[in-house]
Amino acid sequence: MTNNKSNDYDVVVIGAGLGGLFAGAKLAKEGKRVLVVEQHSIPGGYATQFKRKGFVFEAGLHAWDGLFSDTNPNLAILDDLNIRDNLSFVRLPEFYHVQRGDLGFTLADDIALAEKELCQRFPREPKAIKRYMELLVRLRKEILNFPITPGKTLAMLPLAPILYPTILKNIFSTLHNFLDRLTNNEDLKLILSANTAYYHTDPKKYALLHYGGAQSIYLSGGCAYIKGGSYKLAQYVSSFIESHGGTVLFNTSATKIPFRNSAISGVTMQSTRDSSQINEVSCEVVVANANMPTVINSLLPKEKSAKLQKRFGTYQLSHSAFCIYLGLKKPLHTIGNNRYCAFILPKELTRFSDLGHHNTTKDYTKKIISLVDYSLIEANLNEDNAPTASVMVVDEIDQWEGLSPSEYKEKKERVADSLMKEMENYLPGISQLVAHREIATPKTFERYTLNPGGCIYGYAQSVNQIGPKRPNIYSSIPGLYFASAWTKPGGGLSPVSKSGYTAACQILKKYS
Ligand SMILES: Cc1cc2nc3c(=O)[nH]c(=O)nc-3n(C[C@H](O)[C@H](O)[C@H](O)COP(=O)(O)OP(=O)(O)OC[C@H]3O[C@@H](n4cnc5c(N)ncnc54)[C@H](O)[C@@H]3O)c2cc1C
């Protein structure tokens, strides 16, 4: 690659979501000629913010996982890109709070404290709680060290039963199987799974390996917010690429990945401002951060994508969200809120086996609602600290198809009103504090990131689409890599950052 000076770039990265940015940053740091093309006018994908009526709203990030554990190998990635030296993080007051009527419990973001407090709350369940925590500890250790690079994965296979016994034992388990075997206590199961809406809609399909990995990293490494918001991280990594000689091109959509003599020859691009303008840059290696269905169905030539299409064409997409972003007259603590992140369960949700139904029901008032109170922490989103919060439920784009613009607008407002009414039961007076609100539906998420259906985590993190079944970072097409929520290890800010960084390391190894 480095010898081929006739190419415009060594690597073209399609998409400036965090997966693409981390790949571009590591490659640029190691001296590769990198171009990142992004269809939007700013970097970050879902790691973004927007400004309305004097408020700056965080679009997505609630909690970054594992920053406060020295044994977290992902910290080396942040340090290689000088992220911890250049950005500040605030530790969140808890992992999450769960409320259903009078049932309330706050889960600490510390595994020992969480175990102690759960045992106090459920004095007949110490054995189940201990087994739960032990599984998380073992899974965390194995998952964080599990290789996701081709050579290492093959080399470790004979030793897998010794090195990764917990992963192997639970490879086909769902969260539902696990918690149902653990205990009959429905409230305990609901508390331990209330935040699954962050990862999946239905515990009956949701992979235990993913849940255990994510939950254990938050519980043992703490929960953090990036001061200034997730966009601050995206901006920093984007500037890092440019300060190391790379180029980040906005308002530019990749339209094709052409081939010459069976090898990738470049990327064709179109301005999203002036769609008539088409350019081609040459390169031998492409990192696709853009969603996999688009790469497979539109960017690659049919004969090249056939294998990928066969393998992943029937994969289910993850869910999307309906979000209300609240610009507040005063911080929520003025009306008694003292939780950063709360999951509010509908009163009908008393059995764990009904949790999936309550995430997917068309009746928005029966869904699990999450409230994130950025006004409670030093979020530093606004220079003048204008307080904000967000209210979110799981959603699907089907609910928003086939509506006229006025029907769409009317439904958006109606759903938001009904959710705010539910919020009043949790935090009386919240509606009175709202100075301005913005609403995002799955269509909004799709429009800004091009993720089909506005899905948040790429392919759903179901038991049959995770672990060995998740798309690899390297592909069957020489020179094509994937770095995003769609690939291993999965969705979320730190997993996608890892996928991007790992893609870059694989490229550096292969093409140095
Ligand atoms: C409401 C919400 C809350 C969330 N909360 C959390 C949280 O608390 N903690 C956490 O860890 N994660 C959270 N996430 C998930 C996390 O934000 C995502 O998993 C992650 O940011 C996805 O990153 P990505 O690299 O896969 O790319 P994406 O963010 O999907 O970005 C892909 C990029 O590719 C660009 N693109 C697409 N097609 C093209 C093309 N043809 N040419 C050029 N560019 C293209 C898009 O414009 C986009 O910028 C949340 C997400 C949402 C929506």
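I count two strands as paired if DSSP finds at least two bridges between them. Helices (H or I, at least four residues) and strands (E, at least two) are DSSP runs for me, numbered from the N terminus.

I'm working on a predicted model, where local features need pLDDT of at least 70, side-chain atom pairs count only at pLDDT 80 or more, and totals for chains, interfaces and linings use all residues. Residues are numbered from 1 along each chain as its sequence is written.

**Entry 1, β20.** I began with the partners of β20. Strand β17 (residues 320-328) runs antiparallel to β20, with 8 bridges joining them. I looked up Cys323 and found that its bridge partner in β20 is Met392. Strand β19 (residues 369-372) also pairs with β20 in the antiparallel sense, over 3 bridges; there, Val372 stands opposite Ser390.

Next I checked burial (buried: 20 or more other C-beta atoms within 10 Å of the residue's own; exposed: 12 or fewer; partly exposed in between; C-beta atoms placed from the backbone). In β20 (residues 388-395), 8 of 8 residues are buried. Thr388, Ser390, Met392 and Val394 point one way, Ala389, Val391, Val393 and Asp395 the other. In a regular strand the side chains alternate between the two faces of the sheet.

The ligand has 38 residues around it, and Gly15, Gly17, Gly19, Gly45 and Ala290 are the closest. Two or more shell residues come from each of α1 (18-29), β11 (252-256), β17, α17 (442-449) and α18 (493-511). The largest share, 3 residues, belongs to α1.

I find 12 of the 12 residues of α1 buried, so the helix is largely enclosed by the rest of the structure. Lys26 and Lys29 are among the buried ones. The buried residues pack against β1 (11-14), β2 (34-37), α12 (230-243), β16 (285-288) and α18, with contact meaning C-beta atoms, placed from the backbone, within 7 Å. Just after α1, Gly31 takes a positive phi of about 90°.

Between β6 and β9 (residues 223-226) I see 3 bridges, and Val90 has Tyr225 as its bridge partner.

Conventions: Near = placed C-beta within 6 Å. Contact = placed C-beta atoms within 7 Å.
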